[in-house]
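Here are my notes after a pass through the model. Please have the coordinates open while you read.

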Amino acid sequence: LTPGSGEVDISWSRPDQGDYKIYDEDNDPSNAILFTLDRDGDPIITDLDETIYQDTNLSFNQSYSYQVKAESVVGSSLSLNYSTTTIPGIPVLTITPGNNQNVLTWQDPDVTGFDDSIEYEIERLWDVGAYSYSDIIINDSEDQSFSDTGLLNTTVYEYRVKATNSSGSSEYSDLSEGLTSEGSSSIPVATNIVASASQDIDPPN
C-alpha cells in the first residue's frame, strides 16, 4: 500500500500455485485467476485481472484497510488485512494584515479525517530591493494560527503552507500575499534636518 493525498495505490503478486491460463475457441489466453479488492470489508472492484489498483476520491488523513481475494473456478483465497492512512490535503490559508505583522490562519480541506495527528509548515517569502528571501517560520506545529510579527510596514510578504502526517506531506498551498499596514500616523516625522561638519585637532606637544 502506498498512501497519497486522498488516494491509495495498491499492488499485489499473483498466486504461486494454480495461476494457469484458459484458452478460448480462438486459442486466445486469459488468466484463470481474477481478483476482488475489498476496502474496509466491502468490495470496490471485482473481476480484476491486473495486480495494481489506485483507490481514489478518499478522505484525507483517513485510515483504510484492504484485502485481496483471488478467485477461480476451483475456489478462492483471501489475503491478510493491510491498513494505511492517506496523506493530508493542502490546507487553505487566510492572511489578515496588521501593523508590523500578518496574522495567518489555515484550515484542512472539508474531507479530512482524524485518524492521525497533522503538523504544519509555513514558508514566508519577501523581497527587499533586488534581493529575495525565504524562511520557514513554522515547522512541526499542530496549531492552525500564527502571528508573524516584527515585519516591515507597507511591505508585501508571501506565504504558503503544507500539512504532514505519519504517511507523508501534502503539496504546498499556492502563495498568498499579505500587505502590512502603512503604520501609525501618530509617529512624529522629522523635518528640516540640517547637517553640518566639524573637526577638532589637538596640537602636537
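1. Ground rules first. This is a predicted model, so to speak of local features I need pLDDT of at least 70, and side-chain atom pairs count only at pLDDT 80 or more, while totals for chains, interfaces and linings use all residues. Residues are numbered from 1 along each chain as its sequence is written, and side-chain values use heavy atoms, with hydrogens and water left out.

2. The surface patch. Tyr-20, Ile-22, Val-73 and Val-74 make a nonpolar patch with about 420 Å² of accessible area together. Patch members have over 30% relative accessible area and no salt bridge; nonpolar side chains (Val, Leu, Ile, Met, Phe, Trp, Tyr) are joined within 5 Å, like charges within 9 Å. A salt bridge here is a Lys or Arg side-chain nitrogen within 4 Å of an Asp or Glu carboxyl oxygen. Areas are Shrake-Rupley values with a 1.4 Å probe, and for residues only the protein chains shown count as cover.

3. Val-74 itself. This residue sits in the loop between β8 (63–72) and β9 (75–78); strands are DSSP runs of E, at least two residues, numbered from the N terminus. Val-74 counts as exposed because its relative accessibility is 70%; the classes are buried under 20%, exposed over 50%, partly exposed in between (1.4 Å probe, protein chains only).

4. Around β5. Strand β5 (residues 34–39) pairs antiparallel with β8 over six bridges and antiparallel with β6 over four bridges; pairing takes at least two DSSP bridges. Arg-39 is opposite Tyr-66 in β8, and its bridge partner in β6 is Asp-42. The β5–β6 hairpin has two residues between the strands, and Asp-40 there takes a positive phi near 50°.

5. Thr-51. Look in the loop between β6 (42–48) and β7 (52–55). Thr-51 is partly exposed, because its relative accessibility is 21%. Leaving out residues up to four places away in sequence, Thr-51 touches Ile-10, Ser-11, Trp-12, Arg-14 and Phe-35, where contact means heavy atoms within 4.5 Å. The C-alpha atoms of Thr-51 and Phe-35 are 8.1 Å apart, with the two residues 16 apart along the chain.
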